[in-house]
Amino acid sequence: AMTVKKVKTTAQPRTEIAKDDHHIVCIGASAGGMEAIHELFDHMPHDTGFSFIVIQHLSSEYKSLMAELLAKHTAMNVVEAKDNTTVERNTVYVIPNNRNITIHGRKLVLKEKAEGKSPNMAIDIFLHSLAKDVGKKAIAMILSGTGTDGTKGIAAIKKAGGLVFIQDPSTAKFDGMPQNAIASGKVDFILSPESIAEELLMQ
């Protein structure tokens, strides 16, 4: 009879892996994005098991209000992101306006933005790091806004096997960001914010 040698596995215990294997959703928006974000969360259940990172280009007088306003549209916990925060399920993180953000080991890393008038590429910066950090567990959403922020980042998400949702430009107050993203061809879904929420739940 054949003897089968038992091989010792050095695999992590399953619980370790399951604990932080959830999807992380980055929502990028600029001008006109507030309404789109609110509509998205109006239709998002509070128990998806996902983490949501909201990056919106805002003038600084808005930034303190954003978490407060968003909290009226979701039963999830809405917090302003702090440096070195481990992202948790069913939580929405709002990024302070004067910070660039990356993610490493599922922890948010916030850095002061350099002064100056360089274009705000906070969404691209974060999406690149998200793709690297969680691969196919990464989901990008580009909503209303002007400019091209997000277009390079979604390419990184697609390459890593993640999913990309773009707001249908006809439903966006400002369609520059969605149009530029769509033109890149690195897109899975083009939908209204309400339909994005519905489609996300089917993934």
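A crossing of two helices is right-handed if the near helix is turned clockwise from the far one by less than a right angle. Keep that in mind for the first close-up. The model on screen is predicted.

**The whole chain**

Start with everything shown as a cartoon. The chain has 203 residues, and 45% of them are buried. Its secondary structure comes to seven helices and 10 strands.

**Stop 1: α2 and α7**

Select residues 33-42, helix α2, and residues 193-200, helix α7. Two packed helices are described by the angle between their axes and the distance between the axes. Here the axes come within 7 Å and cross at roughly 40 degrees. α2 and α7 are therefore oblique to each other. The crossing of α2 past α7 is right-handed.

Show the side chains at the contact. From α2, pick Ala36, Glu39 and Leu40. From α7, pick Pro193, Glu194, Ile196 and Ala197. By class, this contact of α2 with α7 holds five nonpolar and two charged residues, with no polar ones.

**Stop 2: Ala36**

Stay in helix α2 and center on Ala36. Is Ala36 buried or exposed? Ala36 is buried, with a relative accessible area of 5%. What does Ala36 touch, leaving aside neighbours within four places in sequence? The partners are Leu143, Gln167 and Pro193. Draw a distance from Ala36 to Gln167, C-alpha to C-alpha. The two are 131 residues apart along the chain, yet these atoms are separated by 8.3 Å.

**Stop 3: the largest nonpolar core**

Hide the surface and look inside. The largest nonpolar core has 30 residues. Select Ile53, Ile55, Leu108, Phe126, Leu127, Leu130 and Ile154, which touch the most other members. Which helix gives the most to this core? Helix α4, residues 122-134, does, with seven residues.

**Stop 4**

Go back to Leu108 and list its contacts, skipping residues up to four places away in sequence. Among them are Ile53 and Phe126, as well as Ala81, Lys82, Asp83, Asn84 and Thr85. Val87, Tyr93, Ile101, Thr102 and Ile103 are also on the list.

Next select Thr86, in strand β4. At 38% relative accessibility, Thr86 counts as partly exposed. Thr86 and Leu108 are 22 residues apart in sequence and 6.4 Å apart in space, C-alpha to C-alpha. Beyond residues up to four places away, Thr86 touches Tyr93, Arg106 and Lys107.

**Stop 5: two asparagines in loops**

Color the backbone by phi. Most residues other than glycine have a negative phi. Asn84 has a positive phi of about 70 degrees. Find Asn84 in the loop between β3 (77-80) and β4 (85-86). Asn90 has a positive phi too, near 55 degrees. Look for Asn90 in the loop between β4 and β5 (91-94). Asn90 is partly exposed, with a relative accessible area of 25%.

**Stop 6**

Finish with helix α5, residues 151-159. Which of its residues are buried? They are Thr151, Gly153, Ile154, Ala156 and Ile157. These buried residues pack against α4, β8 (138-142), β9 (163-167) and α6 (176-183).

Bring α4 into view beside α5. Their axes are 7 Å apart, at an angle of about 10 degrees. α4 and α5 are therefore roughly parallel to each other, since angles under 35 degrees count that way. On the α4 side, select Asp124, Leu127, His128, Leu130 and Ala131. On the α5 side, select Thr151, Lys152, Gly153, Ile154, Ala156 and Ile157. The residues of this contact divide into six nonpolar, three polar and two charged.

Last, step past the end of α5. Gly161 follows the helix, with a positive phi near 90 degrees.

Terms used:
Residues are numbered from 1 along each chain as its sequence is written. This is a predicted model: local features need pLDDT of at least 70, side-chain atom pairs count only at pLDDT 80 or more; totals for chains, interfaces and linings use all residues. Side-chain values use heavy atoms; hydrogens and water are left out. Axes are lines fitted to C-alpha atoms, for helices over the stretch in contact, and angles run from 0 to 180 degrees between N-to-C directions. Helices (H or I, at least four residues) and strands (E, at least two) are DSSP runs, numbered from the N terminus. Angles under 35 degrees count as roughly parallel, over 145 as roughly antiparallel, 65 to 115 as roughly perpendicular and the rest as oblique. Contact means heavy atoms within 4.5 Å. Ala, Val, Leu, Ile, Met, Phe, Trp, Tyr, Cys and Pro count as nonpolar, Asp, Glu, Lys and Arg as charged, and the others, Gly among them, as polar. A nonpolar core is a set of buried Ala, Val, Leu, Ile, Met, Phe, Trp, Tyr and Cys residues joined through side-chain atoms within 4.5 Å. Buried means under 20% relative accessible area, exposed over 50%, partly exposed in between (1.4 Å probe, protein chains only).
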